[in-house]
There are 2 protein chains.
Amino acid sequence: MNYENLDKTAAFTNLKEFSPADIKQVLTAERIQKMDIPLGGGMRYNYAAQPVNEEIINALQDLSHELECVEKFKAVLRGEIMNPGEGRMVLHHLTRMESENTVVFEGKNQQDFYKKQQKRIELFAEKIHSGQLKGSTGKMFKTVIQIGIGGSDLGPRALYLALKGYAGDNLKMEARFISNVDPDDAASVLGDTDLESTLFILVSKSGTTQETLANRELALTWMKKKNPELDPSKHMIAVTSATSPLATSDDFLDSFYIDDFIGGRYSSTSAVGGAVLTLAFGKEIFREFLQGAAETDKKALEPSIRENAPLMDALIGVYLRNVLDYPITAILPYSQALVRFPAHLQQLDMESNGKCVNRNGEPLSYKTGPVIFGEPGTNGQHSFYQLLHQGTDVIPLQFIGFRKPQQNTDVTIEGTTNQTKLNANLTAQIVAFAKGSNNSNPNKNFNGGRPSSLLYGEKLTPGSLGALLSHYENKVMFQGFLWNINSFDQEGVQLGKVLTKQILSGSSNDAALETLGEILGI
Amino acid sequence: MNYENLDKTAAFTNLKEFSPADIKQVLTAERIQKMDIPLGGGMRYNYAAQPVNEEIINALQDLSHELECVEKFKAVLRGEIMNPGEGRMVLHHLTRMESENTVVFEGKNQQDFYKKQQKRIELFAEKIHSGQLKGSTGKMFKTVIQIGIGGSDLGPRALYLALKGYAGDNLKMEARFISNVDPDDAASVLGDTDLESTLFILVSKSGTTQETLANRELALTWMKKKNPELDPSKHMIAVTSATSPLATSDDFLDSFYIDDFIGGRYSSTSAVGGAVLTLAFGKEIFREFLQGAAETDKKALEPSIRENAPLMDALIGVYLRNVLDYPITAILPYSQALVRFPAHLQQLDMESNGKCVNRNGEPLSYKTGPVIFGEPGTNGQHSFYQLLHQGTDVIPLQFIGFRKPQQNTDVTIEGTTNQTKLNANLTAQIVAFAKGSNNSNPNKNFNGGRPSSLLYGEKLTPGSLGALLSHYENKVMFQGFLWNINSFDQEGVQLGKVLTKQILSGSSNDAALETLGEILGI
């Protein structure tokens, strides 16, 4: 396999020779119809408003071939060690995709293992929903609270919020989330929850995550204080690895397993997302979600980038980052239900590709992952879009839109529904960013030429949400291949942990650390 | 007054001559104690981990003098036309500060006007809280829902969430917010609210904001459908300008006024924030909040930047942006209650300073406002901090921390409280970003040299929150002075509005717009 650095490839050298397409000029109806690739789950990816043309796309195709992006994805699926820093396989796709081959580790068929956990979750959820399993004081479980942080929080939370309105009256349980070690986080959630009808999910792969264990203690303390008759062990399940200290504890009603081959930020389709989402929505919705992701995973195996949306998106992203030198990407969903989806993508992308050495540990002489941020439209239009339109930097944009709302409560005002207004705004923004508008008053002038792409579909359903998730997971993976980095470790989080322990144990000999600790009341 | 462009000043030319301080080396206990400036409300600003030294600070002081930053702030307070593009005064400080002179417009004493509105809100809120005013079916009002977008949403929402835990059992009314024109936003809020005990606040200065009027109609439709006996006009108040079509409507129980001299993103201390926050928390908490802001406003008049935190922060920001060329700033509050404060600052900063022409409309040859993003710590540590530590770009950081939690529910686990763990993490991060750590394994190496500042205090109270808000409002204002731009208009939002109207009225003759509209189901 070709593990060359991006700047050493012939295709990248060639790519830099072309002038970018002038988005102001080229955004035509024909181009919008043509530059459009289906994902799974009824979703499509449109890149008409990106500064690319046929020769640039051909060069990107060459780059993909030269760095064997699709071959590397196949190696992921085959179970090769694609997380070299930690010497691990990368198997999150197996939580949803039919694998062509069998990945076995220490005698364990990995796909069977993940599927078995989801099956166990489904059976458990049915007992909860039917009332066969009740709280320790005899009440039906109505609320599920996930205690976890990072990938055990952002993905599941974003997905829950994305589908809550879709589920509507069919919502089986309300889900809430506690993540931050700040005691005010747990207090705000626990303070207005009926603990007798609450099931907690403790999520920590290692079973040692400081924040998560601290919040577990807070929850246990709270339960004992509020109602001494309440038996906490009948109100808490664990999602952890089979080797963690939590796995064999009697403190849990049940435990469901993940393993080291699924990184936190890639764990939404594993038991980390599966437990809370199956409890909240029931097994059918979670299965549809997995199905949408699996369909989109399959598209990512297509060698032609004109038919492979995550690969095209990844390549255009590298073009924007490494040829045009744009350091930021904004994610702008025109769907309030996706309110926390940008926060999940922020982790997915920045934790995966915020690296400055290649997979062999050699320093890189080119830029890697951009900063990701975003808020739903139209809200963002009344906030930070001013800078996107008229600021001194160009920020590439990724729009997400749907033809229909999730809930059937829309009304017609002045001849149009609110959904139509929403999408008229989305359409207008894409064109305004691309084409700009000349005005003799320089204050009201818009330069245009600001690139964007659009992911769109009929409606935000479990299937289209799965497609969106898979698209971004695979885009980020492909970009890691292009930058020749390891997208599956996160050594950058370690130093903070080490220094935190030094402070808490009083073993630091750094005067700056101690002085800062003092002014913060430690 | 000197309205020269930044790059034409002698001080900026001089500033560029100095080498930045090496944060890895200079972060000492002595420096942490020295580089520390009080705000109001018990808050302080520490800039020890910024790449500045005495000679750079002196040059920044010269720059502040040369561009007359404090004099320009005084001109704001005097009521000069400091929003030249729109020919308006900039008067949001008068909502909280004692003005030394009287600002009069068309015979109206502006400070009296703003104060009178807040007094009227207090009297109205007392009637609601006491039950003197009840819903149209006789129920006490228990919930307040603000309908507004942009500055009518982000600031009030962030402030409500910041103080909800502080208020605890003294919370007078639960507040909720509807902003997005996406009908799913209103549906999600209205779907689980008891409308008979709900008071709506419609917030639109012009009275013509598309999203806000659409959501008002949705709310009215919902009320009529759910309960035909419910009289919507007894469940809705307006916050608007005295000249808007809403001001004289019979559809409202009462109306409270703002005017054109307070921009949306600066309106949190006006009736826009005052109505919802006084209804939620009562008048005392809102007064304490204004008091904290007023104290910090006064500090911003100090000519010595070593005693003027927002001015120092603004100048260091310009140094990071225009000398060191960093295009992004992250806001990282170690307080879960500040979960949406970065989103408010994102609007405040990016909408104010995302401009590419100066106050006279001349194109600028230097960078202006950075992209702002952020999430609370420790959550962010398990998400995007990987890129902050080991990514290929340096991202300046602004930390916020408090010695104590808001709620008294903390527990001691393994010898330390969770608040102590939280602040140990914050301390560790500042040092880790600044100093880095050498490791022979390049994957585990941290270059350090990543700048940060710290805003900190005893506890997140109404007063310290007011101080934080004032600090950032004045920082953004000072940066606008330094970049010689108008921080108080937002012409960049107009083009999208124009194109949206064309699509909705079918009057567009742009094929790209129509084709995009078609694929989005318009």
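Glu414(B) sits in the loop between strand S13 (412-413) and strand S14 (416-417) of chain B; helices (H or I, at least four residues) and strands (E, at least two) are DSSP runs, numbered from the N terminus. Phi of Glu414(B) is near 50°, a positive value in a residue other than glycine. Because 11 C-beta neighbours lie inside 10 Å, Glu414(B) counts as exposed. A residue is buried if 20 or more other C-beta atoms lie within 10 Å of its own, exposed if 12 or fewer, and partly exposed in between, with C-beta atoms placed from the backbone.

This is a predicted model, in which local features need pLDDT of at least 70 and side-chain atom pairs count only at pLDDT 80 or more, while totals for chains, interfaces and linings use all residues. Residues are numbered from 1 along each chain as its sequence is written, and chains are lettered from A and ligands numbered from 1 in the order in which they are written.

In chain A, Glu68(A) has a positive phi near 55° and lies in the loop between helix H4 (54-66) and helix H5 (69-78). Most residues other than glycine have a negative phi, and most peptide bonds are trans. A cis peptide bond, however, joins Gly377(A) and Thr378(A), with omega about 5°. Thr378(A) belongs to the loop between strand S11 (371-373) and helix H14 (385-390) of chain A.

Chain A as a whole comprises 18 helices and 15 strands, and buried residues account for 63% of its 522 residues.
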